[in-house]
Amino acid sequence: MPTPTSIILDWGTSSLRAMLVSETGETLDTQESSSGGIQFVKDGAFEAALMQAVGEWFSAHGPLPVMATGMITSRNGWVEVPYVDTPGGVAELAAGTRKLTLQTGAVITFLPGMRDPAAKPFPDVMRGEETQIVGFGLDRDRTLVLPGTHSKWARIKAGRIDGFQTYATGEVFALLTKHSFIAKAQDPVPDAEPDWQSFGRGVEFAASNNAAADAFLSAIFSARTGILDGKLKPENILDYVSGLIIGSEFRQARAAGWFKAGETIGIVGNNLLNSRYGRVAPLFDLTVEPGPDNAAKRGILLIAAEAAK
């Protein structure tokens with residue numbers, strides 16, 4: 001078995017995910033706790049929470065260095081690490097790290113997030129997604145989309161992250177499908193496969209030349225009128241809304257200048273959503289370059305290696 005050389009933490013608000021990693025970047029073991037997020041840590045006892053999660057790894061392998069990313073580096077986390085402003089790359093992110101020595105003698109490195117001061121109306125921010133962008137690769141100019149609760153569109157230019165924009169796509173979907181007229185109209189079939197036809201119907205309208213598709217607040221009401229007109233079924237409404245919302249994200253990203261028809265974009269991050277975004281891209285005349293499954297880990301290791309120099 002390869003020798004463990006480090007521990008990587010993705011420590012968010014609601015969960016803690018840890019990886020035991022070898023020198024070559026191979027994941028040797030994992031730990032995940034859905035109740036280990038920073039919101040569950042009482043009285044700032046983060047070191048105790050860390051030991052509870054991965055103490056066995058320290059006992060077995062000694063004081064391995066730890067790299068931590070996510071909301072653990074926010075003002076509500078263990079150590080608040082200031083954002084690194086765009087444009088910035090591996091060197092800037094490495095220079096923005098903060099270190100702390102644990103009682104075990106292990107050194108934990110907290111990675112910064114990024115801030116885009118040029119975003120309007122206020123500077124945009126991200127914590128953790130920048131590691132996925134670095135892990136995807138900064139070797140050539142391109143646009144990436146990172147699907148998620150708060151999707152990010154980011155531009156890589158001259159080997160650095162030049163700027164980015166957040167779309168609250170996943171959160172809007174959750175709110176609409178749990179707390180609106182859509183929640184009352186739906187009748188989902190448990191464990192059913194996605195209804196790609198209904199998903200595509202939503203995307204096609206969002207991608208169309210119809211000016212009505214620019215009015216998202218009006219377009220979303222079509223989830224109700226589609227049922228009233230017999231074009232949608234209650235069991236298919238979630239996929240229709242998903243297509244309409246993700247398609248609207250692409251439409252707005254295009255209007256904001258993140259891509260033009262005929263270009264290639266990278267998709268990296270949320271594997272559950274990547275296939276949906278991959279289905280939307282061709283309707284906007286885009287070619288997709290998929291990112292590696294381990295992009296975040298690769299990015300963290302690259303930033304940590306630079307910080308160790």
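**Exercise 1. In this predicted model, find how the axes of helix 9 and helix 10 cross, and name the resulting arrangement.**

Solution. 
- Step 1. Locate helix 10 at residues 271-280. Its axis and that of helix 9 come within 10 Å.
- Step 2. Read the angle. The two axes cross at roughly 65°.
- Step 3. Apply the cut-off. Angles of 65 to 115 degrees count as roughly perpendicular. Helix 9 is therefore roughly perpendicular to helix 10.
- Step 4. Helix 9 passes helix 10 in a right-handed crossing.

**Exercise 2. List the residues that make the contact of helix 9 with helix 10, then sort them by class.**

Solution. 
- Step 1. Take the helix 9 side: D239, S242, I246, G247, E249 and F250.
- Step 2. Take the helix 10 side: R276, Y277 and V280.
- Step 3. Sort them. Four are nonpolar, two polar and three charged.

**Exercise 3. Decide how helix 4 and helix 9 are arranged relative to each other.**

Solution. 
- Step 1. Locate the helices. Helix 4 covers residues 169-179, and helix 9 covers residues 237-255.
- Step 2. Check the axes. They come within 10 Å and cross at roughly 150°.
- Step 3. Apply the cut-off. Angles over 145 degrees count as roughly antiparallel. Helix 4 and helix 9 are therefore roughly antiparallel.
- Step 4. The crossing of helix 4 past helix 9 is right-handed.

**Exercise 4. Which residues meet where helix 4 contacts helix 9, and how many fall in each class?**

Solution. 
- Step 1. Helix 4 supplies T169, V172, F173, L176 and T177.
- Step 2. Helix 9 supplies L238, V241, S242, I245, I246 and E249.
- Step 3. By class, this contact has seven nonpolar, three polar and one charged residues.

Conventions
Residues numbered from 1 in each chain as written. Predicted model: local features only at pLDDT ≥ 70, side-chain atom pairs only at ≥ 80, totals over all residues. Heavy atoms only, no water. Axes fitted to C-alpha atoms, helices over the stretch in contact; angles between N-to-C directions. Helix = DSSP H or I, 4+ residues; strand = E, 2+ residues; numbered from the N terminus. Parallel < 35°, antiparallel > 145°, perpendicular 65-115°, else oblique. Left-handed = near helix turned anticlockwise from the far one by under 90°. Contact = heavy atoms within 4.5 Å. Nonpolar A, V, L, I, M, F, W, Y, C, P; charged D, E, K, R; others polar.
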